Amino acid sequence: MRILVAAIGRLKQGPERELAEHYRKRIQAAGRPLGWREVEIIEIRESRAQDAERRRVEESIALANVIPVDAMVVILDQTGESLDSAALAGLLRQWRADDRAAACFVIGGADGLAPSLFDRAKLRLAFGKATWPHQLVRIMLLEQLYRAATILAGHPYHRA
C-alpha cells in the first residue's frame, strides 16, 4: 500500500521541512515490513486567484488530480474525528488487509476544500479543535503515521 500526503503549499527549507523529511524516512523504513511500499509527499502550489471560492476550487481540483483512483482518502479537517493513535493504526491495518492500493491524506489550503473532495473522503481526521498552520499539520500527520507503523510493528516507540 502506498501512503501519500497531498498538501497545499510548500514547506520552505528549514526545520519544518527537515522534520517532515525525517518522519517520512522513518515511516518508509518502519512501514516496509508492513507492506507499505512508499511514502510520498505531494506539494500543490497555492492558488493565486483573487477570490477565496476560486482558490478553494482550483486547489481542490489540483489535489483531486493527484489522488489515486482506488485510494482511501482521508481529509485533515478541524471538524473531523479525533482518533487516538491506536485507532489510526487499526484503520491502516484494515486498509492494508483489504488490499487497498493507497491511503491518501489531504491537507487543504487556508480557504479549505471544495465539497467534491469531502464527498470522496472515507474519513475526516482532526488534530483537536484548534486551527493549525498547514506546516505543523503535515508534521503532526507524519509523526502519527510513523507512530501507527510502530504500533503495527510492535515497536516500543508508542507507549500508551
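View 1. Ile75 stands opposite Val106 in E4. Strand E3 (residues 72-81) and strand E4 (residues 102-107) run parallel and are joined by 5 bridges. Strands (E, at least two residues) and helices (H or I, at least four) are DSSP runs, numbered from the N terminus. The model is predicted: local features need pLDDT of at least 70 and side-chain atom pairs count only at pLDDT 80 or more, while totals for chains, interfaces and linings use all residues. Residues are numbered from 1 along each chain as its sequence is written, and side-chain values use heavy atoms, with hydrogens and water left out.

**View 2. The open sheet.** Its 5 strands have the order E2-E1-E4-E3-E5, with parallel pairing; two strands pair if DSSP finds at least two bridges between them. Strand E2 (38-44) and strand E5 (123-125) are the edge strands, each pairing on one side only.

**View 3. Arg56 in helix H2.** Arg56 lies in H2 (residues 52-66). The side chain of Arg56 makes a polar contact with the side chain of Glu53 (2.7 Å). A polar contact is a pair of N or O atoms within 3.5 Å; within protein, one must be able to donate a hydrogen and the other to accept it, and residues adjacent in sequence count only if both atoms are side-chain atoms. Leaving aside neighbours within four places in sequence, Arg56 is in contact (heavy atoms within 4.5 Å) with Asp111, Gly112, Leu113 and Ala114.

**View 4. The end of helix H5.** Gly154 follows H5. The phi of Gly154 is positive, near 75°.
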